[in-house]
2 protein chains.
Amino acid sequence: MYRIPILRMGQTLLVTIQIDMEDQTAMALQDDLAEQISKTGASGVLIDISALEIVDSFVGRMLAAISGIGQILDATTVVVGMQPAVAITLVELGMSLDGVKTALNVSRGMALLQARADGDDFVA
Amino acid sequence: MYRIPILRMGQTLLVTIQIDMEDQTAMALQDDLAEQISKTGASGVLIDISALEIVDSFVGRMLAAISGIGQILDATTVVVGMQPAVAITLVELGMSLDGVKTALNVSRGMALLQARADGDDFVA
């Protein structure tokens with residue numbers, strides 16, 4: 001089974017999702033991320049989905065689940081790089097990604113995580 | 001054709017290669033990186049290959065080519081996350097990746113790029 005690599009950059013874990021995920025891969029990513037957050041004490045998780053042209057409800061739920069897991073483990077999850085068409089699809093599917101933070105690109109996502117790490121919650 | 005996304009993080013471009021590349025994908029990555037370095041004025045390129053379990057001579061040559069292109073465009077390229085078996089294979093293939101800088105993981109690669117940006121070439 002294909003596993004998506006998780007990169008550690010200081011206090012942040014970075015995941016770039018490049019191909020359409022099978023269900024097993026998505027589940028493994030959840031498990032791996034939870035383990036890595038716990039192991040590294042990361043305070044932020046950045047998930048780049050700029051390469052995804054299609055996001056179905058399963059992936060939407062997975063993003064929400066990862067965000068929820070992160071919250072419990074005290075790590076802020078930010079999804080970045082969502083294509084406009086994907087955003088439209090998600091809304092049409094009735095998925096508003098409640099509780100999932102988003103940012104336009106990696107740089108802005110990093111800035112968001114940095115601001116949270118500095119305790120400046122107003123930026124979010 | 002599948003294209004590998006290039007993430008911009010400040011002055012660094014980050015590429016995570018997650019699946020075995022077809023030749024076309026590898027060529028497109030070279031072109032995209034050259035264009036992005038030129039467009040963004042990035043001073044460093046970080047290529048994570050931790051997910052690759054097999055690297056053949058084509059990929060080895062591509063890494064060397066990207067490194068060379070980066071050098072001409074004034075960007076330092078660092079390849080990180082190489083698995084031990086891959087390193088062994090490359091040496092057995094007679095590819096010493098001359099001119100390609102390597103680091104154990106993303107954090108160390110970023111530190112290397114930072115040190116170069118600060119003009120401290122002794123660290124490398």
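The largest share of the lining of the largest pocket, 5 residues, comes from H1(A). This is a predicted model, in which local features need pLDDT of at least 70, side-chain atom pairs count only at pLDDT 80 or more, and totals for chains, interfaces and linings use all residues. Residues are numbered from 1 along each chain as its sequence is written, and chains are lettered from A in the order in which they are written.

**Largest pocket**
- The largest pocket holds about 650 Å³ of space; a pocket is an open set of points on a 1 Å grid over the protein atoms alone where a 1.4 Å probe fits, with protein on both sides within 12 Å along at least five of seven lines, and lining residues have an atom within 4 Å of a point.
- Its lining has 28 residues, and the closest to the centre are A:Arg3, A:Pro5, A:Ile6, B:Ser50 and B:Ala51.
- Two or more lining residues come from each of strand S1 (7–9) and helix H1 (23–40) of chain A and helix H4 (106–117) of chain B; helices (H or I, at least four residues) and strands (E, at least two) are DSSP runs.

**Contact between chains B and A**
- Chain B and chain A each put 17 residues into the contact (heavy atoms within 4.5 Å).
- About 1,400 Å² is buried between the chains, 65% of it on carbon and sulfur atoms; buried area is the accessible area (1.4 Å probe) lost on being put together, summed over both parts.
- B:Leu7, B:Met9 and B:Gln18 supply 39% of the area that chain B buries against chain A, more than any other three residues.

Terms used. Side-chain values use heavy atoms; hydrogens and water are left out. Grid points are joined across faces, edges and corners, and a volume is the space filled by probe spheres set on the points. Buried area is the accessible area (1.4 Å probe) that two parts lose on being put together, summed over both.
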